[in-house]
Amino acid sequence: MADLVLFNTLGRKLTPFAPIEPGVAKMYTCGPTVYNDIHIGNLRTFAFEDLLRRTLRYLGYRVVQVMNVTDVDDKTIQGAHKAGVSLEEYTQPFIASFLRDLDTLRIERAEHFPRATHCIPDMVALIARLVERGYAYQSDGSVFFSIARDADYGRLSGFDLAQVRRGERVASDEYGKEDVRDFVLWKGVKPGEPAWESPWGPGRPGWHVECSAMSMKYLGESFDLHCGGVDNIFPHHENEIAQSEAATGHPFVRTWVHGEHLIVDGQKMAKSLGNQYTLKDLVDRGTTPRAIRYLLLSVHYRQKLNFTFESLDAAAGALRRVDEMRFRVAHAPEDATRTETEAGFAETLAKLPRDFAAAVADDLNVAAALAAVFVFVKEVNVAVEEGRLGPGDKDRIAAALADVDRVLGVLDPAAWPATATAAGDTEEEEIERLIQERKEARQRRDFAASDRIRDELAGRGIVLEDTPQGTRWKRR
Ligand SMILES: [Zn+2]
């Protein structure tokens, strides 16, 4: 097993991964705030975390991953209020679409997806510990963390507290702070807002305390890995460290791993620029989820990923090279006179898992990992051309690809359902789809549309026959 090295934001250096419990990797990944559909930037972060998760498993670790769902905050409360529904009714469809997007991109599901609103007692207990230990104070029904009590504050982000003037006044819901640098743990209720009971009166938890409470609930007071986007480093993760360690007196997390931003056409993604794509937006434009996954994985997590439609085409092109190699292998003759794998080709087969494992273990060096895959593709093509495949080699090729695909999750076309956008459909699938469309047209009595589909198929030599069991088709 190759030894895994990761860039630890805490200390800013490459660090050997050494879990607290041998063989088990306990990992917390900050999840979505469910007030809209997640965008491609969120998905980049989740895809990098999936690469880390799958790499850990590939290297032999059992992974326990927690990803929170923030289903109470200013945005979800405002959204529910505007829509005139309860918080739960408002967030439920976004939780469903978030999970669907993960599945569509074959991002493995975490072991736990706790919702903030289901863990309020854990958050209240954590805040109570902080109050008891003198790290937090009450003011006007809210509770704040006192940064002045934490001498270590700022060591994750390198944030210099002295730069922020004391006593400055900030956002309206944070009046009552003794110090501008303090952050809210418990927000006293405002009229019309959902609220939960607490020793400090009704209210709701602050965002930072959610993640501390939910991570420690499932992973213990000290655990191995905490991940998120670089925008989480400050203040979110800094505050998580401060409040968790103040409450427990133990180190909170050993290794912090942060993924860089995704930008679109060289620009920051923003709603106002119209470039904040969701997965559905991209699929509607005819992109396959498989190419999207490939693109999201293909840039190292500590580099900015510039998302363009050209780069999506390049991703699809790279996958085509793998698929074409599979096709050639499937149709290649085997040299039955051979009794064992030819020596040069045996080395090709041995090299892929070796080079691939070394690459991903090196701080998820995906460029080197993909290079190993494409060296393999090239050498297999040459071996096919030169007629060097012997009995069993086809299976060995398939097994070698399947092995590295445990990490990449993108190399096997059969694992990706054909999308409705026809591009990936076989002819049979397309005929079935058109028959289904014709049936729907007839059900809504749109006979012009149903006739058009029948005529289109007839033009291609496909005859339809309507039976009580449904529509059958045959070639003329
Ligand atoms: Zn978080």
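**Zinc site and Thr76 at a glance**

Walk along the sequence and the donor residues of the zinc ion come up with the spacing C-x180-C-x24-H. Keep in mind that this is a predicted model.

**Zinc site**

- Three protein donors hold positions around the zinc ion: the SG atoms of Cys30 and Cys211, plus NE2 of His236, lying 2.1 to 2.2 Å from the metal.
- Cys30 and Cys211 tie together distant parts of the chain, as they are 181 residues apart.
- Cys30 sits in the loop between strand 3 (24-29) and helix 1 (40-58), while Cys211 belongs to helix 5 (residues 207-219).
- Cys30 has 7% relative accessibility, so it counts as buried, because the cut-off for that label is under 20%.
- Cys211 comes in at 0% relative accessibility, so it is buried too.

**Thr76: location and burial**

- You'll find Thr76 in helix 2, which covers residues 74-83.
- Its relative accessibility is 0%, and therefore Thr76 counts as buried.
- Ser86 is 10 residues away from Thr76 along the chain, and the C-alpha atoms of the two are separated by 10.0 Å.

**Thr76: who it touches**

- Leaving aside residues up to four places away in sequence, Thr76 touches Thr33, Val34, Tyr35, Thr70, Asp71, Leu87, Tyr90 and Thr91.
- There's also a side-chain to side-chain polar contact, at 2.7 Å, between Thr76 and Asp73.

Technical notes: Residues are numbered from 1 along each chain as its sequence is written. This is a predicted model: local features need pLDDT of at least 70, side-chain atom pairs count only at pLDDT 80 or more; totals for chains, interfaces and linings use all residues. Side-chain values use heavy atoms; hydrogens and water are left out. Helices (H or I, at least four residues) and strands (E, at least two) are DSSP runs, numbered from the N terminus. Buried means under 20% relative accessible area, exposed over 50%, partly exposed in between (1.4 Å probe, protein chains only). Contact means heavy atoms within 4.5 Å. A polar contact is a pair of N or O atoms within 3.5 Å; within protein, one must be able to donate a hydrogen and the other to accept it, and residues adjacent in sequence count only if both atoms are side-chain atoms. Donors are N, O and S atoms within 2.8 Å of the metal (3.2 Å for Na, K and Ca); water is not among the atoms, so sites may look incomplete.
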